[in-house]
Protein chains: 2
Amino acid sequence: MPSPGPTLGEVGESGVLEQVFAALEGSPSAGVQVGPGDDTALLKVRRGALLATTDTMVRGPDWRDDWSTAFDVGVKAVTQNLADLAAMGGTGTGLLVTLVAERSLPLAWARELTEGLAWGCTRAGVPVLGGDLNGAGDEVVMVSITALGELGEDVQKPVLRSGARAGDVVAVSGPLGRSAAGLALLLEHGEDAGSVAPGDLVAELLAHHLRPLTDLTQGPAAARLGATAMIDVSDGLVRDGDRVARASGVVLELAKEAVAALADRLAPAVGGSALGCVLGGGEEHELLACFPGEPPAGWTVLGRVIDLPAGGAPGVVLGGSCLDPRTGGWDHFGG
Amino acid sequence: MPSPGPTLGEVGESGVLEQVFAALEGSPSAGVQVGPGDDTALLKVRRGALLATTDTMVRGPDWRDDWSTAFDVGVKAVTQNLADLAAMGGTGTGLLVTLVAERSLPLAWARELTEGLAWGCTRAGVPVLGGDLNGAGDEVVMVSITALGELGEDVQKPVLRSGARAGDVVAVSGPLGRSAAGLALLLEHGEDAGSVAPGDLVAELLAHHLRPLTDLTQGPAAARLGATAMIDVSDGLVRDGDRVARASGVVLELAKEAVAALADRLAPAVGGSALGCVLGGGEEHELLACFPGEPPAGWTVLGRVIDLPAGGAPGVVLGGSCLDPRTGGWDHFGG
């Protein structure tokens, strides 16, 4: 096994920063008036309003070093944050990155993380504006990103969670449950998961769990088509759908056949747990949206929005039953 | 000792978020078009460009629970971030807050943290736009903030680190070394530090270490007066001065009497270590700036900017000696 090389503690803060900046060379810089290296960044804002969101990955709860490379973690952190912008109808204009790490972390890991961040940012055309670097106790590694953006071209207003109305079509921008299925494969087979048949599907599920790359241009596309409500599926279809339902004061009624079709796609790899992956699987980073008419090409219709029944509560309904968001999704602290 | 009450793990993510949002009620909201509770925030930007910076506090390296209350941590985190905006000539328009914490953290601590954040934000007129909440392993608590802002009124361009020119006056917006002196008192006397004579000075030093509140309007004021370079003193006078010197390709020549006067102010509390506190003490969050003429009223002149001597390197000089930023300041990873 090759030596992991020097650690952050051995190189010191300025050494780490030099390495980090080097990995960002050639990354996008559109709109950046002052970049990394001063007290703050200065970013051009064309349209008078800025989208801002933040999301963090923690080693342990959010990734395992035996399954995820540092490059994977960088790519996934970028996708997670840009998906939140897409869910408002926006696109990224800049990222701030914070790394908090134990002194014993290999410098090579931090460097590869930055390469993953740079790769994800270059793919999306989003510059890295700056960041922060902090030491922490043993066993701690976390990557926190703030993503800044603007509404996409020809998008006039942000798409909130609260605009769904009875009669709207409920649709999703791509398959669901892939990340959860990939994780299930890793939990069952460990690093040998890639050799479970059928190969292409398994490879897709593992890749989507480790390094999700969804088409985030679908967010502005949905907004242009008049999406009434939209959310990034990061905590699961039921939990995120429930958020839309509650914010809008409606019920999302899912069609059994549509949900079953999503599960059928996963079944060759994960068998009977496919439905659970579809309903409860987080970290999908596909977009769930409601439309007054047809969704954009390539989206999958999952059901429709209905009015609250008399005395009923907002939520997600499947086959006449209200689904429980507490069991269908992911809670960062709950049991 | 009263029971610390339920933990984050017992209450779960949605319970924590409810408590957090409650503590932010009545906080500033100017410019916020979409606030916490959707996928991203939407913030009005009046002047076509946005300042963005991020800074993180980690329990252990950055605070100790036996000395700092959660409220203190919240206030300090706000000041740290807004000081970086001030150092560009800017003011805050919004904050994003991330809390990463062990499941066993008392909910009351998270609530009090948020109260400190809200207090600091209200004092500065800056809204909290949103944030993120993450579980982590035992012993981990960290608070990461991203501060967004704009250039202050009548400030035409950001003040960078790189604009200092020979002949400029070097000045600081307030006393230096107070945070380091406060920390030294805590390290020596622990929780009894408050009873060391003379009381008023000691109280000031402890307060500045635990809960720094500098006058951040001095940043835009300095910019309006034509400051050529500026930096927030977060890592120490020598280290931050060295950054300005290197970015500008000049030498900052400090006057011995001016530095001694800053140290004399601390000496009644910390004796012989006062000079070290002034030169190397971080977390001051006063502003260090260079001016082509007089600094604003209330600033203290520390020296002047001189050209690089033939064959010489940029840096900070005191009494003819070049000060070493490695020994004068704080490194997050170095020994």
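Which side chain meets that of A:Asp235 in a salt bridge? The partner is A:Arg243, with N and O 2.8 Å apart; a salt bridge here is a side-chain nitrogen of Lys or Arg within 4 Å of a carboxyl oxygen of Asp or Glu. The structure is a predicted model, in which local features need pLDDT of at least 70 and side-chain atom pairs count only at pLDDT 80 or more, while totals for chains, interfaces and linings use all residues. Residues are numbered from 1 along each chain as its sequence is written, chains are lettered from A and ligands numbered from 1 in the order in which they are written, and side-chain values use heavy atoms, with hydrogens and water left out.

Helices (H or I, at least four residues) and strands (E, at least two) are DSSP runs, numbered from the N terminus. A:Asp240 is buried at 0% and A:Asp235 is buried at 9%, whereas A:Arg243 is partly exposed at 24%.

The wider fold can be approached through its sheet. Strands of a sheet pair through backbone hydrogen bonds, either parallel or antiparallel. In this model, six strands form an open sheet with mixed pairing, in the order β5(A)-β4(A)-β6(A)-β3(A)-β2(B)-β1(B); two strands count as paired if DSSP finds at least two bridges between them. The edges are β5 (128–136) of chain A and β1 (32–34) of chain B, each of which pairs on one side only. From one strand to the next, the twist averages 25°. Within the sheet, β4 (residues 90–102) and β6 (residues 141–151) of chain A pair in the antiparallel sense over 11 bridges, and A:Gly90 stands opposite A:Leu151 in β6(A).

Helices of chain A lie across these strands. Helix α2 (residues 70–86) lies across β3 (49–58), β4 and β6 of chain A and runs at about 145° to β3(A). Helix α3 (residues 107–124) of chain A lies across β4, β5 and β6 of chain A, at about 175° to β4(A). Axes are lines fitted to C-alpha atoms, for helices over the stretch in contact, and angles run from 0 to 180 degrees between N-to-C directions.

A:Asp55 is found in strand β3 of chain A and is buried at 16% relative accessibility. A:Asp84 belongs to helix α2 of chain A and is buried at 9%.

Their surroundings include residues of both chains, with contact meaning heavy atoms within 4.5 Å. Not counting residues up to four places away in sequence, A:Asp55 touches several residues, among them A:Asp84, A:Ser144 and B:Asp132.

Between chain A and chain B the count is six salt bridges, and over all chains it comes to 34. The contact takes 63 residues from chain A and 63 residues from chain B. About 4,900 Å² is buried between the two chains, and carbon and sulfur atoms give 57% of that area. Buried area is the accessible area (1.4 Å probe) that two parts lose on being put together, summed over both.

Chain B supplies a further charged pair. The side chains of B:Asp65 and B:Arg59 meet in a salt bridge (3.0 Å, N to O); B:Asp65 is partly exposed at 38%, whereas B:Arg59 is buried at 18%. In chain A, salt bridges that share partners join A:Arg178, A:Glu204, A:Arg265 and A:Glu286 into one network.

Terms used:
Buried < 20%, exposed > 50% of the residue type's maximum accessible area, 1.4 Å probe, protein only.
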